[in-house]
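Take a moment to look over the model before reading on. We'll walk through it together, one piece at a time.

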Amino acid sequence: TPARPDAPFDDLIASHLALFTMQYALTQVVKAWGVTPAFAIGYSVGELIAYVAAGGVSLEVGLEMAFQQAELVLDESPEAGMLAVLGAPSLLAELHSASSELWPGAYNLERHFVVVGKCPVLSQVQARLWDMDVSSQLLPVRRGFHSGLIQHLEVPFRRLSAACQWG
């Protein structure tokens with residue numbers, strides 16, 4: 001059944017692979033410009049791309065790892081979400097005092113960060129932010145990336161990683 005045009009695009013496997021593919025394409029554009037980086041660094045899916053870009057692993061192995069990582073997160077982590085906040089990161093301490101089930105997910109800019117938690121907690125946090133006149137937006141994800149909600153996946157992912165043909 002085709003998806004409705006107004007339905008959110010939150011298929012984890014598809015979005016994980018789309019992020020990987022887009023980031024890989026960007027590395028190829030930079031290389032086509034004649035830029036050869038001295039080193040590569042990444043965060044989250046970007047770590048896999050950095051390793052592919054540095055020649056540590058083939059594109060095929062990188063894609064397979066991205067797929068397996070997404071599958072592992074989907075199968076073995078609880079439903080959760082992420083909330084983008086347009087405010088000073090110092091707000092995080094105040095928000096965290098309301099719930100210990102809240103994690104910093106990313107610090108993107110001086111006044112932009114992301115918090116991670118289960119959906120009921122994020123709803124409470126978002127209501128509190130609205131009361132404080134702070135803008136926020138729930139992100140279209142159903143897992144708590146970059147948080148303690150997926151920390152338990154480190155060992156299984158290391159096992160998957162060890163089975164791959166790296167560098």
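**A walk through the salt bridges and beyond**

Let's start with a charged pair: Arg-128 forms a salt bridge with Glu-94, and their closest N and O atoms are 3.6 Å apart. Arg-128 lies in helix H5 (residues 119-131) and Glu-94 in helix H4 (residues 91-98), so this pair ties together parts that are 34 residues apart in sequence. How buried or exposed are these two? Arg-128 is partly exposed, because its relative accessible area is 29%. Glu-94 is partly exposed as well, with a relative accessible area of 35%. Keep in mind that you are looking at a predicted model.

Another one joins Arg-143 to Glu-79, with 3.5 Å between the closest N and O atoms. Arg-143 sits in the loop between strand E4 (135-138) and helix H6 (154-162), while Glu-79 sits in the loop between helix H3 (59-76) and strand E1 (81-86), so here the bridge ties together parts that are 64 residues apart in sequence. Which side of this bridge is buried? Arg-143 counts as buried because its relative accessibility is 9%, and buried means under 20%. Glu-79, with a relative accessible area of 48%, is partly exposed.

The remaining bridge to visit links Glu-154 with Arg-158, and the closest N and O atoms there are 2.9 Å apart. Both residues lie in helix H6, 4 residues apart, which is about one turn of the helix. Glu-154 is partly exposed at 36% relative accessible area. Arg-158 has 55% relative accessibility, so it counts as exposed, given that exposed means over 50%.

Now zoom out to the whole chain. The protein has 6 helices and 4 strands. The C-alpha atoms fill a box of roughly 50 × 35 × 35 Å along the principal axes. Of the 167 residues in the protein, 36% are buried. Look at who touches whom, too: among contacts with a separation of 6 or more, 72% are between residues 24 or more positions apart.

What about the outside? The accessible surface comes to about 10,100 Å², and carbon and sulfur atoms own 59% of that. There are 9 positive and 16 negative side chains, and the centres of the two sets lie 2 Å apart. The surface also has a nonpolar patch of about 370 Å², made by Val-29, Val-30, Trp-33 and Val-35. One of these, Val-30, lies in helix H1 (residues 12-32). With 31% relative accessibility, Val-30 counts as partly exposed.

Finally, a look at the backbone. Most residues other than glycine have a negative phi. Which residues here have a positive phi although they are not glycines? Ser-44 is one of them, with a phi of about 65°. You'll find Ser-44 in the loop between H1 and helix H2 (45-53). Asp-133 is another, with a positive phi of about 60°. Asp-133 lies in the loop between H5 and E4, and this residue is exposed because its relative accessible area is 72%.

Definitions and conventions: Residues are numbered from 1 along each chain as its sequence is written. This is a predicted model: local features need pLDDT of at least 70, side-chain atom pairs count only at pLDDT 80 or more; totals for chains, interfaces and linings use all residues. Side-chain values use heavy atoms; hydrogens and water are left out. Helices (H or I, at least four residues) and strands (E, at least two) are DSSP runs, numbered from the N terminus. Buried means under 20% relative accessible area, exposed over 50%, partly exposed in between (1.4 Å probe, protein chains only). Contact means heavy atoms within 4.5 Å. Accessible areas come from the Shrake-Rupley method with a 1.4 Å probe; for residues, only the protein chains shown count as cover. Lys and Arg count as positive and Asp and Glu as negative; His and the chain ends are not counted. The place of a charge is taken as NZ of Lys, CZ of Arg, CG of Asp or CD of Glu. Patches are made of residues with over 30% relative accessible area and no salt bridge: like charges are joined within 9 Å, nonpolar side chains (Val, Leu, Ile, Met, Phe, Trp, Tyr) within 5 Å. A salt bridge is a side-chain nitrogen of Lys or Arg within 4 Å of a carboxyl oxygen of Asp or Glu.
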